[in-house]
Amino acid sequence: MSAVPVARLRGAVKRYGALTAVNGLDLALHRGELLALLGPNGAGKSSAIGLLLGLHRPDAGDVELFGLDPQRIEARRWIGVMLQSATLPPTLRVRELLRLTASYYAHPRVLQESAELAAVEDLLDRPYGKLSGGQQRRVQFALALCGRPQLLFLDEPTVGLDIEARQALWAAIRRLVGEGCSVLLTTHYLEEAEALADRVCVMTHGRAIHEGTVDELRARVGVKRIRCISTLLPETVAAWPEVAEVRVEGGRLQLTTAEAEVVVLRLLQNDAWLRELEVQRAGLAEAFTELTRDAEASSSDQREAA
Ligand SMILES: Nc1ncnc2c1ncn2[C@@H]1O[C@H](COP(=O)(O)OP(=O)(O)OP(=O)(O)O)[C@@H](O)[C@H]1O
């Protein structure tokens with residue numbers, strides 16, 4: 001691992017008027033590493049990427065790309081970018097878009113290689129504007145990698161892709177990382193972070209509240225979701241101390257708990273007619289809620305101690 005991170009934020013702050021989108025964020029990405037930036041909507045992930053891309057200037061703190069100011073061309077020529085919204089000329093054919101984008105880089109991939117990596121070989125002669133949303137996303141990925149970047153920014157790259165296209169994109173990302181490319185990925189899918197990331201950083205309110213491996217994230221968030229059809233009243237179940245939340249959805253009870261075994265046992269003991277019992281690990285939404293709660297509890301402890 002090279003000593004100088006390929007991308008780094010130190011105490012970075014980004015404000016939009018009165019709103020602080022990035023609030024003293026520290027982040028370092030090393031060569032050949034894939035870091036997933038996770039967090040609920042509005043957490044500040046895209047704004048953090050915008051700082052690293054030099055699209056926004058920080059209101060405070062430092063931002064470096066390959067040890068340089070991100071607005072320097074020497075830094076920018078090594079990056080590839082796939083943002084959430086891309087406006088590309090609709091009448092240009094995919095082949096033309098790829099040629100044009102590759103021409104901005106010193107050592108681009110040959111067109112065929114980029115097309116193959118992003119699985120767009122069959123789209124090369126189609127005008128971009130005539131492609132489906134998922135096809136356009138694959139083309140945007142091809143454009144991000146065609147310059148043979150050392151650092152790829154992928155902002156929710158698999159939104160709108162079907163399962164097969166998602167798996168193909170994951171395989172391509174793994175191949176690029178295997179070749180030494182670093183990747184900063186934002187995603188709302190825990191399984192995507194799980195499939196790809198060396199490290200994850202969870203953000204809320206512009207701050208990092210957890211950094212580590214996906215397994216560490218899971219271990220920290222032990223919440224499970226239980227679903228069942230039950231004759232028990234939701235208020236009865238909500239009063240059990242191990243139950244964090246109760247909802248009724250489609251005639252089913254849905255509970256969240258950190259102690260699934262205890263709750264399942266109680267359900268079975270208290271309802272002889274219990275049916276269709278399912279226990280699942282919680283998704284990212286529950287993970288964020290729990291981590292945010294922890295972070296808020298510890299910051300109020302610090303305030304009280306001060
Ligand atoms: N150009 C802008 N002007 C004003 N406010 C903005 C702007 N861009 C983002 N924001 C606000 O900054 C906050 C962080 O937004 P950001 O897009 O960085 O979050 P995110 O974590 O990427 O969210 P999502 O998961 O929804 O993409 C939000 O409250 C958003 O409304």
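A residue is buried if 20 or more other C-beta atoms, placed from the backbone, lie within 10 Å of its own, exposed if 12 or fewer do, and partly exposed in between. The model is predicted: local features need pLDDT of at least 70, side-chain atom pairs count only at pLDDT 80 or more, and totals for chains, interfaces and linings use all residues. Numbering starts from 1 along each chain as its sequence is written.

**View 1. The whole protein chain.** The chain holds eleven helices and 13 strands. Both are DSSP runs numbered from the N terminus: helices are H or I with at least four residues, strands E with at least two. The C-alpha trace spans about 70 × 55 × 35 Å along its principal axes. Of the 306 residues, 36% are buried. Contacts pair residues whose C-beta atoms, placed from the backbone, lie within 7 Å. Among contacts with a separation of 6 or more, 68% join residues 24 or more positions apart.

View 2. Arg166, Leu169, Ile173 and Leu176 of helix 6 are buried. They cover an arc of only 85° around the axis, so they sit on the same side of helix 6. The arc is taken from the directions from the helix axis to the C-beta atoms. Ile163, Glu164, Arg175 and Gly178 are exposed on the other side. Helix 5 (133-145), strand 6 (151-155), strand 7 (182-186) and helix 7 (190-196) are among what covers the buried residues of helix 6.

**View 3. Length and end of helix 6.** Helix 6 runs over residues 163-178, 16 residues in total. Its expected span is 1.5 Å times one less than its number of residues. That gives 22 Å, and the end C-alpha atoms are 22 Å apart, which agrees. Just after helix 6, Gly180 takes a positive phi of about 105°.

**View 4. The annotated span.** An unreviewed UniProt entry carries the annotation "domain: ABC transporter" for residues 7-230. Residues 7-230 are 32% helix and 29% strand, with end C-alpha atoms 52 Å apart.

Note on methods
Two residues are in contact if their C-beta atoms, placed from the backbone, lie within 7 Å. UniProt positions are given in the numbering used here, feature names are shortened, and annotations may be inferred rather than shown by experiment.
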